[in-house]
Amino acid sequence: MRRLAITLFCFVAALLLAGCADRKVTRVDTAQVTDLSGRWNDTDSRLVSNEMITDLLSAKWIPMYELQHAGKRPVVIVGTVQNKSHEHIDAGTFIKDLERAMVNNGSVRLVQAGAKREELRDEREQHNQGYVLPETAKKWGRELGADFMLQGTINSIVDSYKKNKAVFYQIDLEMTNLESGEIVWMGNKKIKKTIADRF
């Protein structure tokens, strides 16, 4: 019995070592499309955010705002992008892609939101508690108030049969005037992927 247990242990260990020996890691360009699982990935996030921000920043709401406010750029805050899909999607990565595209475009001014905004306020509170030189302390009441808020959702539909699967993603974004509640822009992007297991 003991000999059988030792033989079985050696067999399992050999299988594990063989599995590890087959792994190869290769560094690739971050812009390269890699879709190993068929799930939402960095390529989807980048492509969707770039396309939607291009549409958002070329829409009429920016020139209309500038016309009504003596050429001033609108101030935008990014709210929540809710993941209502069947997958765990890090909405934070998608939001960061949106923010980066807006800042780099320069058509709008972007202010911090959420936890980062609170961290800034905590730091400003330290400034006003006597911890820094008075002439360098940052004052309260100087934050830019946002004119518009960008919010959205990520939804998905899965259709599967045997070893084949089709996944449909729909990403919806809305820009809302904070003062009036008016939606000034709506955009969506759809992605469909098919996944077929051949073995």
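A polar contact is a pair of N or O atoms within 3.5 Å, where within protein one atom must be able to donate a hydrogen and the other to accept it. The views below show a predicted model.

**View A. Lys189 and its polar contact with Glu51 in the predicted model.** The side chains of Lys189 and Glu51 are joined by a polar contact of 3.1 Å, and Lys189 itself belongs to strand E5, which covers residues 183-196. Because buried means under 20% relative accessible area, Lys189, with a relative accessibility of 19%, counts as buried. Leaving aside residues up to four places away in sequence, Lys189 touches Val48, Glu51 and Met52, as well as Tyr169, Gln170 and Ile171.

**View B. Ala70 in the loop between helix H3 and strand E1.** Although Ala70 is not a glycine, its phi is positive, at about 55°. Most residues other than glycine have a negative phi. The loop that holds Ala70 runs between helix H3 (61-68) and strand E1 (75-83), and Ala70 has a relative accessibility of 78%, so this residue counts as exposed.

**View C. Lys162 in the loop between strands E3 and E4.** Lys162, a residue other than glycine, has a positive phi near 50°, and its place is in the loop between strand E3 (148-161) and strand E4 (164-177). Since exposed means over 50% relative accessible area, Lys162 is exposed, with a value of 73%.

How values were computed:
Residues are numbered from 1 along each chain as its sequence is written. This is a predicted model: local features need pLDDT of at least 70, side-chain atom pairs count only at pLDDT 80 or more; totals for chains, interfaces and linings use all residues. Side-chain values use heavy atoms; hydrogens and water are left out. Helices (H or I, at least four residues) and strands (E, at least two) are DSSP runs, numbered from the N terminus. Buried means under 20% relative accessible area, exposed over 50%, partly exposed in between (1.4 Å probe, protein chains only). Contact means heavy atoms within 4.5 Å.
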